[in-house]
Amino acid sequence: MKWTTRTGVHIDRAASAWLIRRFIDPDAEFIYVPVDRVLEEAKALSAIPYDIPDVEFSHEGERCSFDTFLSLYDIADPP
């Protein structure tokens with residue numbers, strides 16, 4: 001699968017990419033583009049957008065995108 005999000009390294013985006021590769025898609029390809037192009041690129045590349053407003057894998061209230069992935073994929077990995 002391809003995943004796309006906005007450019008800029010922030011802990012939530014880096015951690016979400018790690019989570020995707022570790023628990024969801026070990027062969028994931030990540031595409032980073034300016035925030036105003038994420039949805040356009042996602043559509044053009046058949047990629048899944050994340051960590052931007054108004055997409056499935058984004059912030060929900062106090063929860064960051066990483067927490068959303070954990071919840072939607074029911075990921076629980078005890079230490």
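Helices, of at least four residues, and strands, of at least two, are taken as DSSP runs and numbered from the N terminus. Just after helix H2, Ser 46 takes a positive phi of about 55°. The structure described here is a predicted model.

The secondary structure of the protein chain comprises three helices and three strands. Along the sequence these elements follow the pattern β-α-β-α-β-α. In overall dimensions, the C-alpha atoms fill a box of roughly 35 × 30 × 20 Å along the principal axes. The radius of gyration of the protein chain is 12 Å, which agrees with the value near 12 Å that a compact globule of 79 residues would have. Of the 79 residues, 38% count as buried. The accessible surface comes to about 5,000 Å², and carbon and sulfur atoms contribute 54% of this area. Among contacts in the protein chain with a separation of 6 or more, 58% are between residues 24 or more positions apart.

The three strands form an open sheet with parallel pairing, in the order S2-S1-S3. Strands S2 (29-33) and S3 (48-49) stand at the edges; each has a single partner strand, so one side of each is left without a neighbour in the sheet. Strand S1 (residues 2-6) runs parallel to S2 and is joined to S2 by five bridges. Within this pairing, Thr 4 has Ile 31 of S2 as its bridge partner.

Lys 2 is a residue of strand S1. With a relative accessibility of 30%, Lys 2 counts as partly exposed, since the partly exposed class lies between under 20% for buried and over 50% for exposed. When neighbours within four places in sequence are left aside, the contacts of Lys 2 are Glu 29, Ile 31, Leu 45, Ala 47 and Ile 48. The C-alpha atoms of Lys 2 and Leu 45 are 7.5 Å apart, although the two residues are separated by 43 residues in sequence.

Helix H2 (residues 38-45) lies across S1, S2 and S3 and runs at about 170° to S1. The buried residues of H2 are Val 38, Glu 41 and Ala 42. These three cover an arc of only 105° around the axis, which puts them on the same side of H2. Their cover includes strands S1, S2 and S3. On the face of H2 turned away from the buried side are the exposed residues Leu 39, Glu 40, Lys 43 and Ala 44.

Helix H3 (residues 65-72) has Ser 65, Thr 68 and Phe 69 as its buried residues. Viewed down the axis of H3, the buried residues fall within an arc of 100°, so they line one face of the helix. The buried residues of H3 pack against strand S1 and helix H1 (11-24).

Key
Residues are numbered from 1 along each chain as its sequence is written. This is a predicted model: local features need pLDDT of at least 70, side-chain atom pairs count only at pLDDT 80 or more; totals for chains, interfaces and linings use all residues. Side-chain values use heavy atoms; hydrogens and water are left out. Two strands pair if DSSP finds at least two bridges between them. Contact means heavy atoms within 4.5 Å. Axes are lines fitted to C-alpha atoms, for helices over the stretch in contact, and angles run from 0 to 180 degrees between N-to-C directions. The radius of gyration is taken over C-alpha atoms; the globule rule is 2.2 Å times the number of residues to the power 0.38. Buried means under 20% relative accessible area, exposed over 50%, partly exposed in between (1.4 Å probe, protein chains only). Accessible areas come from the Shrake-Rupley method with a 1.4 Å probe; for residues, only the protein chains shown count as cover. The arc is that of the directions from the helix axis to the C-beta atoms.
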